[in-house]
Amino acid sequence: MIEKHILILISADGFVRKFWEKTKHHKTYKSAYEDLENEYESLFGKRRYSDYNSFRICRDRITKKNKN
């Protein structure tokens, strides 16, 4: 059985939720993002986004969608 914290990372919404959790333990959003990408890469063998700016665009789109 796949663990819940791994399943959360599969969806873009889950990745963003996990990012916001990690920001509590990092000084910058970028370092929280890199930590999460490292976790994702160790689990799935590749990065989810090409860089922080690519993720930021997706994050902002998801955040806006969830507010509406």
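Are Lys 22 and Glu 39 buried or exposed? Both residues are buried. The close-ups below come from a predicted model.

**View 1. Lys 22 and Glu 39 pair up in a salt bridge.** The closest N and O atoms of the two side chains are 3.3 Å apart. Lys 22 sits in helix α2, and Glu 39 sits in helix α3 (residues 29-44), so the bridge ties together parts 17 residues apart in sequence. Asp 35 joins in: Lys 22, Asp 35 and Glu 39 are linked in a network of salt bridges.

**View 2. Helices α2 and α3 pack against each other.** Their axes are 9 Å apart, at an angle of about 125°. From α2, the contact takes in Phe 15, Lys 18, Phe 19, Trp 20 and Lys 22. From α3, it takes in Tyr 29, Ala 32, Tyr 33, Asp 35, Leu 36, Glu 37, Glu 39 and Tyr 40. Sorted by class, the contact of α2 with α3 holds 8 nonpolar, no polar and 5 charged residues.

**View 3. Helix α2 meets helix α4.** Here the axes are 10 Å apart and the packing angle is about 100°. α2 and α4 are therefore roughly perpendicular to each other. α2 supplies Ala 12, Asp 13, Phe 15, Val 16, Phe 19 and Trp 20. α4 supplies Phe 55, Cys 58, Arg 59, Ile 62, Thr 63, Lys 65 and Asn 66. By class, the contact of α2 with α4 has 8 nonpolar, 2 polar and 3 charged residues.

**View 4. Asp 13 and Lys 65 form a salt bridge.** The N to O distance is 3.8 Å. The pair links distant parts of the chain, 52 residues apart. Asp 13 belongs to helix α2 (residues 12-22), and Lys 65 to helix α4 (residues 52-67). Asp 13 has 27% relative accessibility, and so counts as partly exposed.

**View 5. Helices α3 and α4 cross at roughly 100°.** Their axes come within 11 Å. These helices are therefore roughly perpendicular to each other. Tyr 29, Lys 30 and Tyr 33 of α3 meet Tyr 52, Phe 55 and Arg 59 of α4. The class count for the contact of α3 with α4 is 4 nonpolar, no polar and 2 charged residues.

**View 6. Glu 34 and Arg 47 form a salt bridge.** Their closest N and O atoms are 3.4 Å apart. Glu 34 lies in helix α3, while Arg 47 lies in the loop between α3 and α4. The partners are 13 residues apart, and the pair links distant parts of the chain. Glu 34 has a relative accessible area of 28%, and is therefore partly exposed. Arg 47, with 29%, is partly exposed too. In total, the model has 5 salt bridges.

**View 7. The buried residues of α2 have several covering helices.** Which residues of α2 are buried? They are Gly 14, Phe 15, Val 16, Lys 18, Phe 19 and Lys 22. What covers them includes α1 (4-10), α3 and α4.

Conventions
Residues are numbered from 1 along each chain as its sequence is written. This is a predicted model: local features need pLDDT of at least 70, side-chain atom pairs count only at pLDDT 80 or more; totals for chains, interfaces and linings use all residues. Side-chain values use heavy atoms; hydrogens and water are left out. A salt bridge is a side-chain nitrogen of Lys or Arg within 4 Å of a carboxyl oxygen of Asp or Glu. Helices (H or I, at least four residues) and strands (E, at least two) are DSSP runs, numbered from the N terminus. Buried means under 20% relative accessible area, exposed over 50%, partly exposed in between (1.4 Å probe, protein chains only). Axes are lines fitted to C-alpha atoms, for helices over the stretch in contact, and angles run from 0 to 180 degrees between N-to-C directions. Contact means heavy atoms within 4.5 Å. Ala, Val, Leu, Ile, Met, Phe, Trp, Tyr, Cys and Pro count as nonpolar, Asp, Glu, Lys and Arg as charged, and the others, Gly among them, as polar. Angles under 35 degrees count as roughly parallel, over 145 as roughly antiparallel, 65 to 115 as roughly perpendicular and the rest as oblique.
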